[in-house]
Amino acid sequence: MTRSKSPAHEPESESEARRPTGATGMRLIVPLQGVVQGRGGLILGSLIPCALFYFFQLYLKRHRSPKPDSNPTSPSQSSSNLADLQRSSSRSNLSSRGSFGPVRVSSRASSIAKPNDSPYYIGLDKVSEDPYDRVHNPNGIIQLGLSENRLCFDLIEKWLSENMKDSVIGTEGGDLSISGIAPYQPCDGLMELKVAMAGFMSQVVGRSVSFDPSQMVLMSGATPALEILSFCLADPGNAFLVPTPYYPGFDRDMRWRTGVELIPVHCRSTDNFIISITALDQAFNQTRKRGIKVRGILISNPANPAGNLLPRETLYNLLDFAREKNIHIVCDEIFAGSMYGSEEFVSMAEIIDTEDFDKNRVHIVYGLSKDLSLPGFRVGVIYSFNESVLVAARKLTRFSSISAPTQRLLISMLSDTRFTQAYIEINKKRIREMHDLFVAGLKKLGIKCAKSCAGLYCWVDMSGLICSYSEKGELELWDKLLNIAKINVTPGSACHCIEPGWFRCCFTTLSREDIAIVIERIGKVAETCKISS
């Protein structure tokens with residue numbers, strides 16, 4: 001039973017009569033167990049426990065806090081004494097609750113925060129700690145593990161020096177004034193940039209196809225483009241089939257936050273690493289037997305790291321396979337303009353534009369980091385005819401939109417078709433020259449490369465230099481190249497290549513003088529490997 005004193009009731013004790021004004025009334029709780037269940041009657045069962053409980057509460061009340069001062073201090077005085085106040089018992093007890101230790105983060109963050117275990121990322125980290133510079137650090141690590149094109153920076157620099165101010169701010173105000181770049185913009189990209197991007201993509205593929213700007217979604221790079229497509233096409237635990245060898249970054253880009261799986265479909269050097277429908281079908285059936293639902297195929301055309309092109313007939317077969325299995329095709333064409341061979345590049349957009357295929361299952365990824373040498377601008381494209389994918393992708397670009405100044409600058413640059421056409425031609429010429437020089441240098445060492453015609457890299461066969469024909473032997477050679485020769489290359493095992501001894505070597509970050517140094521360093525390691533074997 002609970003009883004509280006009425007304001008009009010006279011005090012029942014001296015201590016209650018002396019209670020300071022404004023203090024709250026003390027509630028008297030009388031235990032009833034003794035009355036109902038006790039054997040001692042009313043006196044033993046109720047009144048004695050009641051009295052003990054009453055005096056116990058009175059004791060706690062008197063010792064909980066000191067009597068208030070009759071002359072309270074001013075706010076300024078009280079605030080200066082905050083540090084001297086005693087902590088209440090409830091707060092002082094907080095430190096005794098639970099266990100001491102570092103505050104925890106989510107299991108997702110813990111997984112991502114683990115140290116790199118892929119040789120691809122380990123090599124990139126090592127280069128960042130000791131980067132080669134011909135003048136300031138000639139003994140540093142030379143970067144051959146990053147697919148970056150620096151061969152045409154002079155063309156980009158010249159255009160920017162002549163057009164940058166007018167492109168971003170403008171000369172006559174209007175859309176290019178500060179009011180055109182400072183406010184919020186559509187997250188999925190300005191329509192003017194989509195139109196300019198569609199024109200540039202048509203230039204890249206040789207005007208063989210016209211791209212529809214309304215079927216485009218723009219975001220900050222090809223990496224978020226792939227992640228958004230993974231999110232739109234598959235649920236956590238679903239899978240994509242990926243022909244090997246494939247770009248090591250796919251394992252992060254498509255899996256980290258979406259929870260999807262990538263199933264390697266192994267290709268062989270005897271087929272020049274071109275995917276076969278037989279291998280795809282076997283991988284599809286084996287994945288289904290494991291209880292994993294396959295939602296699509298991810299292909300790179302031109303291939304990364306092999307540098308070859310998918311023949312037109314292979315593209316037809318892939319579309320037939322996707323239709324038969326009722327799955328999607330994601331086609332990464334980010335190296336479409338970085339050609340140095342005579343073979344014909346065929347975009348998947350051309351196939352679905354000229355043939356009677358289901359366009360809803362085809363999604364193309366493109367960007368400006370490779371063909372236009374602008375990785376720092378962070379510009380990527382999803383090109384799709386699937387309306388549900390487009391609607392979802394436009395909303396998801398809220399987390400990866402391109403800055404307004406970047407878009408305004410690129411609208412002007414890509415609309416300058418005279419510049420872009422000249423750039424594409426000069427870029428191809430310079431890539432071809434560096435490729436031929438690099439391959440010729442390796443050939444002198446007795447090292448061969450796979451037949452390729454596109455990309456910023458060579459797919460190099462160093463199986464003759466490994467001590468044992470295994471992944472272990474391959475990684476031992478990679479370690480020697482990285483830590484002895486001071487050259488960072490990407491081992492084939494990082495690309496899920498089933499044949500040991502293959503390495504991706506990117507050559508478009510080098511100068512002609514640098515290539516000579518690279519070949520000399522590789523030669524020294526090759527000599528030690530031949531002696532030891």
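This is a predicted model: local features need pLDDT of at least 70, side-chain atom pairs count only at pLDDT 80 or more; totals for chains, interfaces and linings use all residues.
The expected span of a helix is 1.5 Å times one less than its number of residues.

**Helix H9**

- H9 is largely enclosed by the rest of the structure, because 10 of its 14 residues are buried.
- The buried set of H9 consists of Leu-193, Lys-194, Ala-196, Met-197, Ala-198, Phe-200, Met-201, Ser-202, Gln-203 and Val-204.
- Packed against these buried residues are S4, S9, S10, helix H16 (404-415) and H17.
- Just after H9 comes Gly-206, which has a positive phi of about 80 degrees.

**Helix H15**

- Helix H15 covers residues 387-396, and its Val-389, Leu-390, Ala-393 and Leu-396 are buried.
- These four sit on the same side of H15, because they cover an arc of only 130 degrees around the axis.
- On the face of H15 turned away from that buried side, you will find the exposed residues Ser-388 and Lys-395.
- The cover over the buried residues of H15 includes strand S4 (216-219), helix H10 (222-233), strand S9 (362-367) and strand S10 (380-384).
- The N-terminal end of H15 is capped by Asn-386, which has a side-chain oxygen 3.1 Å from the backbone nitrogen of Ser-388.

- The 28 residues of H17 should span 40 Å at 1.5 Å a residue, and the end C-alpha atoms of H17 are 41 Å apart, which agrees.
- H17 buries Phe-419, Thr-420, Tyr-423, Ile-424, Asn-427, Ile-431, Met-434, His-435, Phe-438, Gly-441 and Leu-442.
- Among these buried residues is Phe-438; together with Met-348, Phe-438 has the most contacts inside the largest nonpolar core, a group of 143 residues.
- Leaving aside residues up to four places away in sequence, Phe-438 touches Leu-144, Cys-458, Cys-505, Phe-507, Ile-515, Val-518 and Ile-519.
- Just after H17, Gly-446 has a positive phi of about 80 degrees.

**Salt bridges**

- Side chains of opposite charge can pair when their charged atoms come close.
- Across the whole structure, a search finds 21 salt bridges.
- One of them joins Asp-130 to Lys-486, with 3.4 Å between the closest N and O atoms.
- This pair links distant parts of the chain, 356 residues apart: Asp-130 is in the loop between helix H7 (119-129) and strand S3 (142-143), while Lys-486 is in the loop between helix H18 (471-483) and strand S13 (487-488).
- Both partners are partly exposed, Asp-130 at 23% relative accessibility and Lys-486 with a relative accessible area of 24%.
- Lys-429 and Glu-433 also meet through their side chains in a salt bridge, at 2.8 Å from N to O.
- Lys-429 and Glu-433 both belong to helix H17 (residues 417-444) and are 4 residues apart, about one turn of the helix.
- Lys-429 is partly exposed, with a relative accessible area of 46%, and Glu-433 is partly exposed at 32% relative accessibility.
- Another salt bridge brings together the side chains of Glu-520 and Lys-524, at 3.9 Å from N to O.
- About one helical turn separates Glu-520 from Lys-524, because the two are 4 residues apart in helix H19 (residues 512-532).
- Glu-520 counts as partly exposed at 47% relative accessibility, whereas Lys-524 counts as exposed at 54%.
- Salt bridges with shared partners also join Asp-188, Lys-194, Glu-387 and Arg-394 into one network.

**Pro-375 in its loop**

- Pro-375 is placed in the loop between S9 and S10.
- With 25% relative accessibility, Pro-375 counts as partly exposed.
- Pro-375 and Glu-148 are 227 residues apart in sequence, yet 7.7 Å apart in space from C-alpha to C-alpha.
- Not counting residues up to four places away in sequence, Pro-375 touches Glu-148 and Ser-369.

Definitions and conventions
Residues are numbered from 1 along each chain as its sequence is written. Side-chain values use heavy atoms; hydrogens and water are left out. A salt bridge is a side-chain nitrogen of Lys or Arg within 4 Å of a carboxyl oxygen of Asp or Glu. Buried means under 20% relative accessible area, exposed over 50%, partly exposed in between (1.4 Å probe, protein chains only). A nonpolar core is a set of buried Ala, Val, Leu, Ile, Met, Phe, Trp, Tyr and Cys residues joined through side-chain atoms within 4.5 Å. Contact means heavy atoms within 4.5 Å. The arc is that of the directions from the helix axis to the C-beta atoms. A polar contact is a pair of N or O atoms within 3.5 Å; within protein, one must be able to donate a hydrogen and the other to accept it, and residues adjacent in sequence count only if both atoms are side-chain atoms.
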